[in-house]
Structures are given as C-alpha cells and as structure tokens.
Amino acid sequence: MTNQHTFETSKGNLQYLAKELALNHFDASTIDLYPEIGNEAERKRRTDGLRTEKVFLDKIDPNGDSQNIFSLTGIVQNEQDNPKYPDSSTELAKHSRNILVIGAGCSANSFENIPLAPAAIEEIKQKITIAHLPKSAKTEDDIITLDYFIKFCQHFKKNRNNKSESSKYYMELPNSPLKNERFNKHLIRQFNQEYSLLREIGEKYLASIRKWKLNQYDYKVDTKVEFETFLSILASILPMDRVRDALSETYDFQNATTLFYSIVAHLFKHRFIDVIINFNFDELLDRAILDEIGEGGFDMILSDGDCISLTQLSKNGRLRQPLYIKPHGTARHKSSLRFTKDQYHDLPPEIRKTLIDLIASNDEGLIKRINLLIVGFDMNSIEFNEILMKHLPVGSAMFFFFRNVVGNQDETNKKAHKKTDNLRRLFEENGRMPRIYLIGNEYFTKQHLGQDYSLLNGTSEPLLDYYGSLGNVFKVLYWHILEFFDAKYKPRDIHKHYLISNIFGNREFWKLLPKDKIKNSNGKEGKGTSEKLYSRTYFKSKDYYKDRVFIEILINLAINNGRIDPVILMAGNAGHYYSEYTKQFDDNKDKTKKSLLEMLQFFELENGENPNSLGIRHLKLSEDRKVPLSVYKEVFEKIYAKASKPNDFCSEFLTEYFKLCAKYNRGGCDKKTLKELFRKIVISNNSKIHSEFRNTQNHIFERYHHSDIINTNLHLDLHFTIGLMANRDVNAICVVADNGFQLAKFLPQIVEDDRDIKIYLIAEDSYKELHTYKDKKQRTIETLKLWNRDFFRQEEKLDLLEDKLRIIYLPVVDHNRHMTFFLNLQGKDLLAHEKNVTRAIYYYKKGLSSKINPIRIYEENNLKYLLEMFNTYSDKALSSYMRNKLGYQTKVPWIYDDIEDLKKMKI
C-alpha cells in the first residue's frame, strides 16, 4: 500500500475545507451587494480605495488577487463545465453550496451519552415491556422486558426437544441470567400453549433473525444483527407505537452541551454551511441551532408539510437563510421517526424532491458544485446514496471525516483506502465521481499540532482530551477559517461557545456527575456494552437547568456591562432553560424551587434608580472604576468565589467543578481559561445578527424587500466599507449604537482618511456610576480603542480621533432604534439631507437585548424617517443631562453646530 494517509494529509485537507467554507461565507454575505461591487462595469468605474479593498489575506490564494472583493464576487463558469450557463458575460454562479451531513457517530463522539447501534439495541430491549405477570400491580418487579423475553426464547429453542425438563432447565441452569422463577413459569406456561400470542411473537422474532443471517454474504451464527434490521423485526411483531416510544426515549436528548455541535451551529448561522442534513433521532444539534440562531432564523424540514419550493427559499442561487433537514425524523415527534430500511427507501416525496433540488440545483438556473461534509455518517442510507449518484454535479467534493487509528499507520491507511474505495464504487456507474478529501479526527491532538496548538483559541492551551475528537477537529477547522481573513473582516468569535463547553461539555465535568448503567435482564449490572457508564440523568434534571440559567445570567452580565433586564433575559436562552427547570417540579409551591428573582439575588444586583428602567438591575460595583476591562475582573472573581462554596443556586456538581478548576493551572479546564474567556465576552460586540427572512416588522418601510436584509457580520462590514469608501463626498457618519463597536474597527481607517470626516455617535448611557460627560466619553473612547490598541497608542492618532468623534448619550430605555448612515453634510437643515445620504443601515434593538436584524435603507421617504429619528434622539440626548443637572460641563459640539459652521462657509 503506497499511499499513506498521514497527519499532513488530513491537515492539508482540513485547510482546504476551511478555504471553501470561508469563500462560502463571503458569497452568502455579498449576494445582495453584487450589483454594486461585482459587475464588470462597476469594476472598471472604481478608482478609489474600494477597488483594492481586501477581505482575505494573501494565503487564501497566494498566486492571484482573488482576495480582492471584486474578484471574489461570483465565480464565472465556462460553458463546457456548465451546459446550462447561457451567457458568460452577464451570468454568474455563486461559488458552491456547502452541505453538512450528520450521522450517529457525531452524537456518540461529542456527547458520549447516546449509544451507537449495538448498545442502542441493548437499551431498547430494556425499554420495551413484553408482558406483565398475571394479577400483578404492574410494578417494575413484575415487568418482563423484551431483553429477558428474547433470551428466554433463545434458551427455549435450544432445549425444546427436552420438554419434560424445560421448566427445571430454566430455573436451575448454572450461569444462566434467566433466574427469575416467576417470569420463567409464566413464559413456559405461555410457550406450551399452542395458540399463545407470546409464543407466536417469540417464534416470529427468531425466524426473522435466522432469515436475515442466512441472507448475509459472510454468514455466521453469531453475526450481530444490524440496528435497522432489529427495528424492522420489532416493527413486524409489535405495535409500531411501542417501538417508536422506546426509540424516542432512547434518543430523547436535547439540552446537553457539546463543543462540536456548538461550533457547527455557529458555522451554520454565519453561512459557512448552507444546509445541514441530520440523520440522527436525538436533538442535541436542534437545540444548539436554536440557542445560536433562534426560531425564525432558519428553515427546518421534518415532514412533507415543512417543505417549501426551493425557488421561494433562494435568490440568485443562494438560500436566503440556513436550511436544516432531518430526513429520518426526530425523537420528540414520534410519528416522524423513520427507522427501518423500508422507511428509509420510502422517504416522503416532498423531502426527497427537496434533497434532489438542493444537490442538483436544477431549478436555480445554474448548476453549482456541491461541497459535502460527511461527519459521523457511513453513507449507508440507500435513498440518499441514490440521490447523490444521480444528481451530484460534476466537480463536486466530499470531505469525509473518519476515525483514524492513533499510533497505527497501517490500520489508518486501511481505513482510509476502504472509505475511498466504497465512495468510488458508489459513483462509478454514472461518472459523477466527486473529489474526495479524507480527514482523520484523531490526528488533531497537541502531539500533532505542535506550536500551532497554543493559538487555537487565543487563551491558555486547552487539553484536547477534554472533548471528543470531533470537537477538537472542528475547533481547529474554525481556527484555519479565521486565518484567511483580514483583521477588519474576521468572522465573529466563538468565545461564548468555548466558555459553556468548558463547563458543561467536557469530560472533567462529566467525571463529577452521577453515572447511569444499562442493566441486564436479571436486574444486575451486566457486562460488555450494557455496562457502559452514562452521565445522563444530570442533563435532564433540575440541577442542570438551574446551572445553565446561572451561567446564562453570568454571560448576560458580561455582555451588558454589569446590567441585566429580567424580561429580556427570559426572551433568550436563559428563558428556555429556566422553563425546563420549572417543569421538573410537580408542585408549584415546592420550597426548593427558585424563582428567577431569587437566582438574580445571588449576584447581588440592585434596582436601577430610574423608575422607568423597566426592571433593569445593576451589579454593585465600586465607584472609582474608569476602565471597562475592570468589570470582568471584579465580577468574575466575586461570583466565582461564591459559586465555589456550597450554595442554593448552583448544583453540588457545578460547585465542585469550580473548586476543581481553581486548583488546576494546566489549560482548558482551569479558572484561568474560564476567566480569559469571560474577559473576551465582556469586550466583544454585544449585538448579534439574527436575520429573519420572514420578519414582518421591516414592512414599516416603503418598498422593503428581503434582499435588504443584512445576514452576517461580514455583510454589515462591507456595507460600512462601501459607505466609507465608495463616495468621496461623504464627510459625516451618524450612528446610534450601544457603544459603537461596529464602528470601532473602521476608526483607524477614518482617522487616517484625508477627508475631514466627522462621526456623530449617540451612545447608550451604560455607565451609571460615571456622572460627568467627560468621564463617560473617556470610557466610550477606551472601549472603542480595544479593537486596535496598538494603533491608538500613538498620541497623534488619539488626538485625531478626539477631533473627529462627537458623542452624546441616551438612557437605555430610550435607545432602541439603531442606525448608521453616511452622508454629505451641508449647510442646511438636517432633515433636508435625505438626498445626501449615500448609505444607511437600520435595526431595532430593544433595551439590553443582543438580537438585531439589520436592513439597508435607501428609499427617500425611509431616509427621511431615519433623519427624523436621529434628530429626535439628538434633541433628547442633549436635553437629558441638562434636565437632570448631570450633564455637560461645557457645550458639547454636535451636528447642529457643524451645520451652522457650514452655513457660515456657504456650503
């Protein structure tokens, strides 16, 4: 065997996948900008800095200039490559469609509490009740499980020729697990009856197993039955509902945290991945997506009724929002479960058509190539394979993740070649062979990554054995994605995902949890797969949900500079987990149940002084703090110390884990790492884009269209870039924002611009302990400088910023309608500038909510509305401090003053 699949092979393939994902993120972000920056006429017209603006670093394409935003917008396809391509001079096809295919191996690898097929069979046998003893009260001791019944059938079959000794045999056979005399007597009585239903079920089961084994190519008596075959047999001898109930109970996991699924959800939201096809019954990924995106921000297909024509879901060959498909159903919708090979082959026709349309892209005008990411899935789905064989476009690629054998190169090579050969056989008939890139999960360890390892998350080095190998490899994948982007356009960080996974999703924490064992038929702990330990109970308990609410509160305090609004809090992830927490109590008057306000008391919050504060609460912080970073230090140390001691608001497991982390100093699972991640959340952008294709609120604007939606941070950044650079007449930027973080990354560019551009920022008054305008402005500037500390260490740069930046403040309750617009400011009334606005962005952000749904505004009447709103906010902000006698010690220069100056200059 000459070809070696080494770490370097997997690393190279992973880097190539990272490039494909990065380009897909760009394509999804620029689809609605293409008329401005992508067509040939616009390329020729551009003579300003926009023409050379780069989103990517040179490493994305060292041999060319594809990192230029003009070159990247759309990939021209040749006619010979795409017969449907009508006119190469006018039509462009987007780069690709990235589809992630998820199988059972993902949940088993990342969560480790959901059994793979052999163990799942054993568990399902335990969950199905086959009979109750006559005249019993149906207690657990009187239930005959399917597991006990099958073993009885097998023993009975072996010894049925010795009928006179059958009863004695079952009660006295040495080493037999079937020693429940009451069960044995009842079953023997049933099996000795000619028309017994239990006897009929047992004989039918054994006959079906024997028939399946005889049909196998390499027949062996002890061959283990396949999962789908086992379920098919059960469905033929038992009521379908009982099989679905057992299957649903086995896979009913939704709320547990895993690093792998958290990163997948992040990639999905930010359009690195367009489509996820999840063949699993569990709902771990479902919950991760809901936590990351929220309802309405993606489309989900579970049944025929969920299917929508692809022409309604896409524009210009791009899906308007992410699409999530579960072809085999999901645990909590039992009727949706499809678990036999016959059911696999009879997918609902509309789901089948949707899968074909997504892969073939026939109805989208132009054929695009498909990047398939195959993770934890062995490609054994007959119908899905048929769809790929018939419809996967030429030039597509498959990135196949597999579990390589650490320390055994020969075995790894064998596995790699077997995977490749199987895929080649799949496609050899139709000549649509995709390019195949294999990636070994287990390669991505500290041993292989070497010095690069410490750069994975920019904090202390994590110990990779804390997570399953898929969590590790996707962490490295995201790191490689970030490597391609220029600093100004880097995708959103995933520090929050690291923080939550470092607590709830790693093996060190799981070691502290109570363990469950699958029991065998006589009620004692068994051996083999049935003895596997699972940390399941905690993740469905009041302890877990209370702990999650605790961490969500902590994260909300970090995001909002030490403030929290209970109403907004309950509208987010904390609300979901608190709701699950309350469901664990049968009696609403249970004194151990903690109300949300009781939980908040743990953090020693105080009510806002303003009666109109809508219940906003603040941390009790010292009065002399001037630097924003001190927030995280004081809050983290104080709360960590309290949570590390026994208390009523954290479970004993979380408290013990915090104590454990405080002892360690080895990276990943330690207090230092948790503190660093918390710090990064504090200084990150607290506004998170949750674009919704069907959001009806935006219809207040004239001629609103879904193409006006801004769906990623890169999309928003590019609007800023175009607004700043595309028109040399721009001399003013008007902003209503919490702290101007989105603006901060462009400040070095604005400061160095030779135009005299003024920035008018109406910021949120979030620093209640600072009473003077000077202190508030200084705090805001310190926050803005965080994005590029090195640049603003130069005194002259800081002086230029002070000259260009004007800031006034509004209380959080009055600070909801956020906007940014670029304009050519002239000596006339502000409200008469609608024709001078070159670009405008608007979004509604309620109080301390982090969710935003930004859109582009361009109609004149809509621009008038924005100008009126900015004018009103300006008046309210300027009068607010004077009214409360807390205001500006000297007159604050603002846009009205600059307009007056321009009038004097007759501009």
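Contact, as the word is used in this note, means heavy atoms within 4.5 Å. Helices (H or I, at least four residues) and strands (E, at least two) are DSSP runs, numbered from the N terminus.

The structure is a predicted model, in which local features need pLDDT of at least 70, side-chain atom pairs count only at pLDDT 80 or more, and totals for chains, interfaces and linings use all residues. Residues are numbered from 1 along each chain as its sequence is written, and side-chain values use heavy atoms, with hydrogens and water left out.

1. Overall composition. The protein contains 38 helices and 24 strands. Of its 907 residues, 58% are buried, where buried means under 20% relative accessible area, exposed over 50%, and partly exposed in between (1.4 Å probe, protein chains only). Among contacts between residues at least 6 apart in sequence, 75% join residues at least 24 apart. The protein exposes about 39,000 Å², with carbon and sulfur atoms supplying 48% of that area; accessible areas come from the Shrake-Rupley method with a 1.4 Å probe, and for residues only the protein chains shown count as cover.

2. Helices α1 and α21. Two packed helices are described by the angle between their axes and the distance between the axes. For α1 (residues 7-30) and α21 (residues 469-484), the axes come within 8 Å and cross at roughly 55°. Axes here are lines fitted to C-alpha atoms, for helices over the stretch in contact, and angles run from 0 to 180 degrees between N-to-C directions. The two helices α1 and α21 are therefore oblique to each other; angles under 35 degrees count as roughly parallel, over 145 as roughly antiparallel, 65 to 115 as roughly perpendicular and the rest as oblique. The crossing of α1 past α21 is right-handed, a crossing being left-handed if the near helix is turned anticlockwise from the far one by less than a right angle, and right-handed if clockwise.

3. Residues between α1 and α21. On the α1 side, the contact involves K11, L14, Q15, L17, A18, K19, L21 and A22, which meet V473, V476, L477, H480, I481 and F484 of α21. By class, this contact of α1 with α21 has 10 nonpolar, 2 polar and 2 charged residues. Ala, Val, Leu, Ile, Met, Phe, Trp, Tyr, Cys and Pro count as nonpolar, Asp, Glu, Lys and Arg as charged, and the others, Gly among them, as polar.

4. Helices α6 and α11. The axes of α6 (residues 117-127) and α11 (residues 227-237) come within 9 Å and cross at roughly 25°, which makes α6 roughly parallel to α11. A117, A120, I121, I124 and K125 of α6 meet F227, F230, L231 and L234 of α11. The contact of α6 with α11 comprises 8 nonpolar residues, no polar residues and 1 charged residue.

5. Helix α26. This helix (residues 573-582) is mostly covered, with 8 of its 10 residues buried. The buried residues in α26 are N573, A574, G575, H576, Y577, Y578, E580 and Y581. They pack against α14 (284-292), α22 (495-504), α24 (542-559), α25 (566-570) and α27 (596-601).

6. Helices α14 and α26. Their axes come within 9 Å and cross at roughly 135°, which makes α14 oblique to α26. R287, L290 and D291 of α14 make the contact with N573, H576 and Y577 of α26. By class, the contact of α14 with α26 has 2 nonpolar, 2 polar and 2 charged residues.

7. Backbone points to check. Most residues other than glycine have a negative phi, and most peptide bonds are trans. M379, although not a glycine, has a positive phi of about 60°. M379 lies in the loop between β9 and α18 and is buried, with a relative accessible area of 8%. R703, also not a glycine, has a positive phi of about 55°. R703 is found in the loop between β17 (688-689) and α31 (713-725) and, at 64% relative accessibility, counts as exposed.

8. Individual residues. S381 lies in the loop between β9 (370-375) and α18 (382-391) and counts as buried at 6% relative accessibility. Leaving aside neighbours within four places in sequence, S381 is in contact with F279 and H328. T412, in helix α19 (residues 409-427), counts as buried at 1% relative accessibility. With neighbours within four places in sequence again left aside, T412 is in contact with H5, F402, N404, V405 and Y443.
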